[in-house]
Amino acid sequence: MKFLIQKLTYSLLLLWGIALLSSCSSGELFVEKSIRHPKESSKITKVVSIDPQFEVIDQREEAEERYLAAANREDQFNEILKENAKMNEVELQIIDSDNLSSSDLVYFNELMPLRKQIWNANWFQDVAVMGVTYGSNYVPNTGEFRRGLVMDAQFSNLSKAYNTPYFALNGVIASVVKRKGLGTILGKPKSKMLYYFILVNVESSEVLYREVRSLNKPASKLNLHSITYDSFRILRK
């Protein structure tokens, strides 16, 4: 069974994704980073991705079919993430809750709480969301935070356990909507996707980098390769 993130933050993510996918008339990219990121980017050679998500919002199918489709695509997404990280000289270790045993206590005791902390920092601190400024922490036109988005220091020990201080949340929200109209062309489904990437340093207890991009194309294997390669390339700049 998939162990979902805290219900509130997960619901916010879905609402955020649905709103963006409904409103964007063209593909967009937003990158925000800590002022520490440029100094650390070359050091980001290993990243632990905590339970990557692949969510499908498909109005054409039944709920059970949507769930099965997302589960199958998530395995593919994990492999695409690892492959494109490697191409950018990043070793990506994926911790997937679908493949855990009852003895994997480190996930339940430490990684799940860390995932919750990352979402809390991302949503509830004084930051800019998708380029819209909320509060004073965001530096306009620079893509930088005035101060790092902070988390509890209790997770610093994970850097020794995993041999890296860098932990991430990665995910895709794919939307498929059946067009109204007659004929083959008008009847084709309308597909969009949203990709997000949030990176933290558990030793300094802050969010270093976050990215979200929308694409008015289906979440195909080719498109996923393209955006994930570019995402890790930007991260390592």
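Okay, let's start with helix H7, residues 221-235: it has 15 residues and reaches 21 Å from its first C-alpha to its last, close to the 21 Å expected at 1.5 Å a residue. That expected span is 1.5 Å times one less than the number of residues. Helices here are DSSP runs of H or I with at least four residues, strands are runs of E with at least two, and both are numbered from the N terminus.

A quick word on the source. This is a predicted model, where local features need pLDDT of at least 70 and side-chain atom pairs count only at pLDDT 80 or more, while totals for chains, interfaces and linings use all residues. Residues are numbered from 1 along each chain as its sequence is written, and side-chain values use heavy atoms, with hydrogens and water left out.

So which residues of H7 are buried? Among them are Leu-224, Ile-227, Phe-232 and Leu-235; buried means under 20% relative accessible area, with a 1.4 Å probe and protein chains only.

Now the largest nonpolar core, which has 27 residues. A core is a set of buried Ala, Val, Leu, Ile, Met, Phe, Trp, Tyr and Cys residues joined through side-chain atoms within 4.5 Å. Leu-224 and Phe-232 are among the residues with the most contacts inside that core, and so is Phe-197. H7 gives the most to this core, with five residues.

Phe-197 touches Phe-232 and Leu-235, and also Tyr-209, among others; contact means heavy atoms within 4.5 Å, and residues up to four places away in sequence aren't counted.

Last stop, strand S12, residues 206-215: nine of its ten residues are buried. S12 runs antiparallel to strand S1, residues 28-33, with six bridges joining them. Phe-30 stands opposite Val-212 in S12.

Terms used:
Buried < 20%, exposed > 50% of the residue type's maximum accessible area, 1.4 Å probe, protein only. Pairing = 2+ DSSP bridges.
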